[in-house]
Amino acid sequence: MTVYLLRHAAAIREAPTDAERKLSKKGRQEAQSAGNALHRLGVRPDLIWSSPLVRARQTAEIVAEALGD
């Protein structure tokens with residue numbers, strides 16, 4: 001089994017709570033770049049797990065889309 005760990009991309013600083021911080025424009029670009037790079041490397045995960053934090057879920061969703069999942 002191979003496990004890949006990916007930290008969430010850059011997030012905005014202001015939000016009602018830390019858990020609600022969304023990805024910034026730069027963060028969305030970073031997540032897309034990471035997903036594209038993993039796709040080029042042929043990474044095909046069986047599962048993608050994410051923290052419930054908004055920025056982590058957004059990162060996971062963008063990467064999953066880039067991987068075709």
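Me: Where in the chain is the place of Ile62?
Reply: Ile62 sits in helix 2, which covers residues 54-66. The model is a predicted one.

Me: Why does Ile62 count as buried?
Reply: Its relative accessibility is 18%. Buried means under 20%, so Ile62 at 18% falls on the buried side of the cut-off.

Me: What is Ile62 in contact with, leaving aside neighbours within four places in sequence?
Reply: Leu23, Arg28, Ala31 and Gln32 are its contacts on that count. For Gln32, which is 30 residues away from Ile62 along the chain, the C-alpha separation is 6.0 Å.

Me: How do you know whether Gly35 is buried or exposed?
Reply: The relative accessible area of Gly35 is 0%. The limit for buried is under 20%, therefore Gly35 is buried. This glycine belongs to helix 1.

Me: Which residues is Gly35 in contact with, its neighbours within four places in sequence left aside?
Reply: Gly35 contacts Val63, Ala66 and Leu67. Gly68 is 33 residues from Gly35 in sequence, and their C-alpha atoms are 9.6 Å apart in space.

Me: Why is Val43 called buried?
Reply: Val43 has a relative accessibility of 8%. Since anything under 20% qualifies, Val43 counts as buried. Val43 is located in the loop between helix 1 and helix 2.

Me: What is in contact with Val43, leaving aside neighbours within four places in sequence?
Reply: Tyr4, Leu38 and Leu67 are. As for Ile12, 31 residues from Val43 along the chain, the two C-alpha atoms are separated by 28 Å.

Me: What makes Ala19 count as it does on the accessibility scale?
Reply: Ala19 has a relative accessibility of 35%. Partly exposed is the range between the 20% limit for buried and the 50% limit for exposed, so Ala19 at 35% counts as partly exposed. Ala19 is in the segment before helix 1.

Me: Which residues is Ala19 in contact with, leaving aside neighbours within four places in sequence?
Reply: Ala19 has contacts with Leu53 and Val54.

Me: Is Ser24 buried or exposed, and how do you know?
Reply: Ser24 has a relative accessible area of 15%. With buried set at under 20%, Ser24 is buried. Ser24 lies in the segment before helix 1. Not counting residues up to four places away in sequence, Ser24 touches Ala10, Ala11 and Ile12.

Me: What does the side chain of Arg21 reach, and at what distance?
Reply: The side chain of Arg21 reaches the backbone oxygen of Ile12 at 2.7 Å. A polar contact needs a pair of N or O atoms within 3.5 Å, and the 2.7 Å for Arg21 and Ile12 meets that distance. Arg21 is placed in the segment before helix 1 (25-40).

Me: Which residues does Arg21 touch, not counting those up to four places away in sequence?
Reply: Arg21 touches Ala11, Ile12, Arg13, Ala15, Val54 and Arg55.

Me: How many helices and strands does the protein chain have?
Reply: The protein chain has 2 helices and 0 strands. Along the principal axes, its C-alpha atoms fill a box of roughly 35 × 20 × 15 Å.

Me: What percentage of the contacts between residues at least 6 apart in sequence join residues at least 24 apart?
Reply: The figure is 59% for the protein chain.

Me: How many positive and negative side chains are there?
Reply: There are 11 positive and 8 negative side chains, and the centres of the two sets are 6 Å apart.

Notes: Residues are numbered from 1 along each chain as its sequence is written. This is a predicted model: local features need pLDDT of at least 70, side-chain atom pairs count only at pLDDT 80 or more; totals for chains, interfaces and linings use all residues. Side-chain values use heavy atoms; hydrogens and water are left out. Helices (H or I, at least four residues) and strands (E, at least two) are DSSP runs, numbered from the N terminus. Contact means heavy atoms within 4.5 Å. Lys and Arg count as positive and Asp and Glu as negative; His and the chain ends are not counted. The place of a charge is taken as NZ of Lys, CZ of Arg, CG of Asp or CD of Glu. Buried means under 20% relative accessible area, exposed over 50%, partly exposed in between (1.4 Å probe, protein chains only). A polar contact is a pair of N or O atoms within 3.5 Å; within protein, one must be able to donate a hydrogen and the other to accept it, and residues adjacent in sequence count only if both atoms are side-chain atoms.
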